[in-house]
Every structure is written in structure tokens, then in C-alpha cells.
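Q: I would like to learn how to read a structure like this one. Could we go through its features one at a time?

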Amino acid sequence: MAERLHNDDEQGEHTPLFLLLRAVCLTSAGIGGAVIFAASLTVTLSVVMRNLGFGGIRGDFELVELACAACASLFLPLCQFNKGHVMVDLFTLWLKPITQRRFDGVWTLIFAACWAFVTWRLTLGMAEMHDYGDRTMLLRAPVWMVYLPAIFGMGLSAVVALLQSLPMMSGAFRALEVR
């Protein structure tokens, strides 16, 4: 991939911005993982309780739905930070590395715009769900709350992609280098 620099020391890995973004992305993914793990433990406990004749946990499937919906987006910022998304550079391999890097920067900026667009639409969806007052069937949990972590994850992904794209497009932003 063209976005890698020749010297890892030039990538700003020790800048305060890099350290802050890495910590926030890791924390986001860690929270998402912890909630998904707790949901899996809840399902396991519910199944065991049912098999022992105690009855399951009321609304266990709703808890899993809410946890998965809420936390799926919390993993995306770390993936963006690590540049873990699929990138096809088949048609640009013949270009000079600096030109490849600029193309990658443009596409990463477009990716940031897409993240921002989805964040905006999620925000509108959350407001609509809040106004509608939709709740889950058994637990009566408000559905709009699921949108909060999704908005955070998408918004953070947009910020990370934006900060990654600028140094790739211009050396003037080298101090912002995230990775």
C-alpha cells in the first residue's frame, strides 16, 4: 500500500494527537468487546438456566440485539486507525509512490466524508426514534439509546480518516500524521 512511509519514525507515532487517537480508538473497541462479551455470557447463562428448569433470562434475545446494534460501530475507529479496511491499488501500482500516496489521501478523505454522512443520518434517525418513543417488546428499553454508541463510532471513524487523509495529500500536514 502506498500510504506507508519509508521510515516509521516519520509517521508521528509519538505525537500527542497520535497517542490520543490511539487511546480513544482502543477504548472504543475495548468497550464494544466488553459489551458483546457480556451479551454472550447472558445468553449462555440463560440457556443453562432453561436447561436446568429455572427458566431463562427475560428478554435475553433483546439484550443481544441491543448490544450488537450498539457496539458494532465501536470497532470501526480502530480499524480505520490501523488502516484495516480493504484497499485496492491494482490500477495505481505503476504510479510513483508520492502520487500513490496522494491518491490514497483523496480516497481516505472520501471515506471520511462517507463516515460523516452516515453519522449525520444516524443522528437524524436517533432523533426520529426518540420522538416516536419506540421501545423493545419485552424489556421496554428505548431503542433510540442504541444509536448513541453507533454515532460515536462513526463520528470517530470520520475524524480519524480525515486526519489520516490530510498528510497523505500534502506534506504541509505532516505534523498531523496519524499512521
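**A cysteine and its surroundings**

A: Start with Cys71, which is found in helix H2 (residues 60-71). Helices are DSSP runs of H or I with at least four residues, strands are runs of E with at least two, and both are numbered from the N terminus. This is a predicted model, in which local features need pLDDT of at least 70 and side-chain atom pairs count only at pLDDT 80 or more, while totals for chains, interfaces and linings use all residues. Residues are numbered from 1 along each chain as its sequence is written, and side-chain values use heavy atoms, with hydrogens and water left out.

Q: Is Cys71 buried or exposed?

A: Buried means under 20% relative accessible area, exposed means over 50%, and partly exposed lies in between (1.4 Å probe, protein chains only). Cys71 counts as buried because its relative accessibility is 3%. Cys79, in contrast, is partly exposed, at 26%.

Q: Which residues is Cys71 in contact with, leaving aside its neighbours within four places in sequence?

A: Contact means heavy atoms within 4.5 Å. On that basis Cys71 touches Gly32, Val35 and Ile36. The C-alpha atoms of Cys71 and Gly32 are separated by 4.8 Å, although these residues are 39 apart along the chain.

Q: How many disulfides does a search of the whole structure find?

A: A disulfide is a pair of cysteine sulfur atoms within 2.5 Å. The search finds zero. For Cys71, the closest cysteine sulfur is in Cys68, 7.9 Å away, so it is too far for a bond.

**The chain as a whole**

Q: How many helices and strands are in the protein chain?

A: There are five helices and zero strands. Read from the N terminus on, the elements run α-α-α-α-α. The chain has 179 residues, and 35% of them are buried. Among contacts between residues at least 6 apart in sequence, 76% join residues at least 24 apart.

**Helix H4**

Q: What span should H4 have, and how far apart are its end C-alpha atoms?

A: The expected span of a helix is 1.5 Å times one less than its number of residues. H4 has 36 residues, so it should span 52 Å, and its end C-alpha atoms are 52 Å apart, which agrees.

Q: Which residues of H4 are buried?

A: An α-helix has 3.6 residues a turn, so residues three or four places apart point the same way. The buried residues of H4 include Arg101, Asp104, Thr108, Ala112, Trp115, Thr119, Leu122 and Met126. H3 and H5 are among what covers the buried residues of H4.

Q: Where does the charged end of Arg121 sit?

A: A charge sits over a ring if NZ of Lys or CZ of Arg is within 6 Å of the ring centre and within 35 degrees of the ring normal. The charged end of Arg121 sits over the ring of Trp120, 5.0 Å from its centre.

**Pairs of side chains**

Q: How many aromatic pairs does a search of the whole structure find?

A: Rings of Phe, Tyr and Trp (its six-membered ring) pair if their centres lie within 6.5 Å; planes under 30 degrees apart count as stacked, over 60 as edge-to-face and the rest as tilted. The search finds three pairs. One of them is tilted: Phe18 and Phe81, 5.2 Å centre to centre with 45 degrees between the planes. This pair links distant parts of the chain, with Phe18 in helix H1 (residues 16-51) and Phe81 in helix H3, 63 residues apart. Phe18 is buried at 0% relative accessible area, and Phe81 is buried at 1%.

Q: Which side chains meet in a salt bridge?

A: Side chains of opposite charge can pair when their charged atoms come close. A salt bridge is a side-chain nitrogen of Lys or Arg within 4 Å of a carboxyl oxygen of Asp or Glu. The structure holds one. Arg50 and Asp60 form this bridge, at 3.2 Å from N to O. Arg50 is in helix H1 and Asp60 in helix H2, ten residues apart. Arg50 is partly exposed at 47% relative accessibility, whereas Asp60 is buried at 7%.

**Backbone angles**

Q: What is the phi of Lys83?

A: Most residues other than glycine have a negative phi. Lys83 is not a glycine, yet its phi is positive, about 55 degrees. Lys83 is placed in the loop between helix H3 (76-81) and helix H4 (97-132).
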